[in-house]
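Here are my notes for you, written as a colleague would jot them down. Have the model open while you read, and look up each residue as it comes along.

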Amino acid sequence: MTLFKRIFAILTILIAFVGAKADNGINSPYSRYGLGILANQSLGINRQMGGLGYGLRSDSYINIVNPASFSQADTLTMLFEAGFSLQDVYFKENGKGTNALNASFDYIAMQFRLCKGLGMSLGFLPYSNVGYSFTSLNDRGTTNEYTSTNVGTGGLYQPYIGIGWQPVKGLSIGATAAYLYGDVAHEISNNFTVSNATDNYKTYTAKFSSYKVDFGLQYYATIAKKHDIVIGATYSLGHHINADATITKSEGNVITTNALTSGFTLPHTYGGGFTYCYDRQWKFGIDYTMQQWGTSTFFGNDDKGADRSIISAGLEYAPNEPSNKFHKMISYRGGFRFAQPYTMVSGNEYGVSAGLSLPIMNRNNKYNSALVHISGEYILVNGPITENYFRLNIGITFNEAWFTKMKVR
């Protein structure tokens with residue numbers, strides 16, 4: 001198959017995935033606020049390491065956390081990665097609890113080299129997800145008792161294209177541009193138990209169509225024999241999001257609709273971190289991110305944002321020499337993550353993760369054609385409603401030798 005046909009086939013898969021309407025894997029009352037629950041903006045390796053990524057670069061996996069890493073794309077191969085997750089969430093409020101089980105197809109991405117020092121990545125992943133449904137009884141006496149039903153659906157999605165360039169040895173820069181789109185809907189309906197009371201409802205709807213731009217930088221150097229370090233930094237452009245949004249209220253036969261011309265923004269986001277590597281096998285890194293949501297509002301002044309800090313730390317052991325023995329090709333990773341809420345409602349988020357990357361043997365009996373990334377996460381959100389997440393992430397990276405020149409003897 002020619003290079004053009006292969007790229008066309010991958011783009012066809014991407015377009016089909018973008019057009020698909022699948023379960024977003026979210027069932028959280030906190031997705032009622034802001035733009036919903038912010039999705040994990042990383043792939044399989046990063047998720048094993050608590051979201052670490054500013055200082056990671058490799059020719060064997062894709063790191064979309066810092067687009068400068070795309071310059072490390074291998075000369076002869078194309079990487080293709082897809083991932084999904086399963087999660088069980090336990091909600092607890094006022095001593096009462098319940099469980100919810102969800103699954104989602106999380107991302108799809110590819111990376112390849114354009115020329116020396118220049119790599120490209122294409123892909124698709126969610127930006128935020130909305131999904132909840134709950135009912136509560138409001139007892140205000142026999143004449144005012146009513147049942148309140150709250151339902152929310154939708155989310156924002158982002159097909160992206162990114163490029164990474166190494167202008168000089170030891171320094172890489174990169175950028176990613178994404179088309180941000182999606183629909184969000186929230187509905188609150190109140191149904192009274194007495195016949196002479198009037199039911200009412202309130203709906204919030206928004207249709208988004210905008211863009212998202214990220215920039216990245218990486219500096220990497222050998223500081224001593226067997227000791228290497230990568231320092232990374234990123235910046236995401238903050239701006240208003242184009243949105244067609246309305247708030248509709250119903251009181252009996254009277255229905256009013258208000259259109260919102262502004263009120264949705266993406267934050268200016270700054271990130272920095274480092275990764276230290278020993279003997280090309282052991283890695284340790286720390287990232288810090290600041291998202292400036294404090295000036296954001298959502299659906300007017302009904303919902304306000306809050307500045308958000310995120311800290312990620314991760315550890316990796318990965319073999320640096322190829323082998324035909326399965327156990328010698330397994331990579332081990334673990335991580336920790338702390339994140340503040342980006343709205344004024346939910347609480348802090350604490351997470352720990354651990355995972356393996358398992359090799360798959362190719363037709364030449366070598367463990368280098370594909371990797372399966374498996375990781376488990378425990379996440380605690382300690383807001384007014386406590387949420388305990390037990391999540392299983394599964395991703396697979398295919399390493400295709402697209403650009404290898406064959407010799408005829």
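The points below go through one serine, some aromatic pairs and some salt bridges.

1. Before you start: this is a predicted model, in which local features need pLDDT of at least 70 and side-chain atom pairs count only at pLDDT 80 or more, while totals for chains, interfaces and linings use all residues. Residues are numbered from 1 along each chain as its sequence is written, and side-chain values use heavy atoms, with hydrogens and water left out.

2. Let's begin with serine 357, which you'll find in strand S19, residues 349–360 (strands are DSSP runs of E with at least two residues, numbered from the N terminus). Is serine 357 buried or exposed? Serine 357 is buried, because its relative accessible area is 0% (buried means under 20%, exposed over 50% and partly exposed in between, with a 1.4 Å probe and protein chains only).

3. Who are the neighbours of serine 357? Leaving aside residues up to four places away in sequence, serine 357 touches Ile45, Gln48, Met329, Ile330, Ser331, Arg333, Val372 and His373 (contact means heavy atoms within 4.5 Å). With arginine 333 there is also a polar contact, side chain to side chain, at 2.7 Å (a pair of N or O atoms within 3.5 Å; within protein, one must be able to donate a hydrogen and the other to accept it, and residues adjacent in sequence count only if both atoms are side-chain atoms).

4. Arginine 333 turns up again: Lys283, Glu316 and Arg333 are linked in a network of salt bridges (a side-chain nitrogen of Lys or Arg within 4 Å of a carboxyl oxygen of Asp or Glu). How many salt bridges does a search of the whole structure find? It finds seven.

5. One of the salt bridges joins lysine 207 to aspartate 183, with the closest N and O atoms 3.6 Å apart. Lysine 207 is in strand S7 (residues 200–224) and aspartate 183 in strand S6 (residues 171–192), so to speak distant parts of the chain, 24 residues apart. Lysine 207 counts as exposed at 52%, and aspartate 183 is partly exposed at 37%.

6. Now for the rings. The whole structure has 17 aromatic pairs (rings of Phe, Tyr and Trp, the last by its six-membered ring, with centres within 6.5 Å; planes under 30 degrees apart count as stacked, over 60 as edge-to-face and the rest as tilted). Phenylalanine 80 and phenylalanine 398 are tilted, because their planes are at 35°, with centres 6.4 Å apart. One is in strand S2 (residues 78–93) and the other in strand S21 (residues 386–400), so the pair ties together parts 318 residues apart in sequence. Phenylalanine 80 is buried at 12%, whereas phenylalanine 398 is partly exposed at 32%.

7. Last, look at arginine 32. Its charged end sits over the ring of tyrosine 33, 5.6 Å from the centre, and also over the ring of tyrosine 204, at 4.6 Å (NZ of Lys or CZ of Arg within 6 Å of the ring centre and within 35 degrees of the ring normal).

How values were computed:
Helix = DSSP H or I, 4+ residues; strand = E, 2+ residues; numbered from the N terminus.
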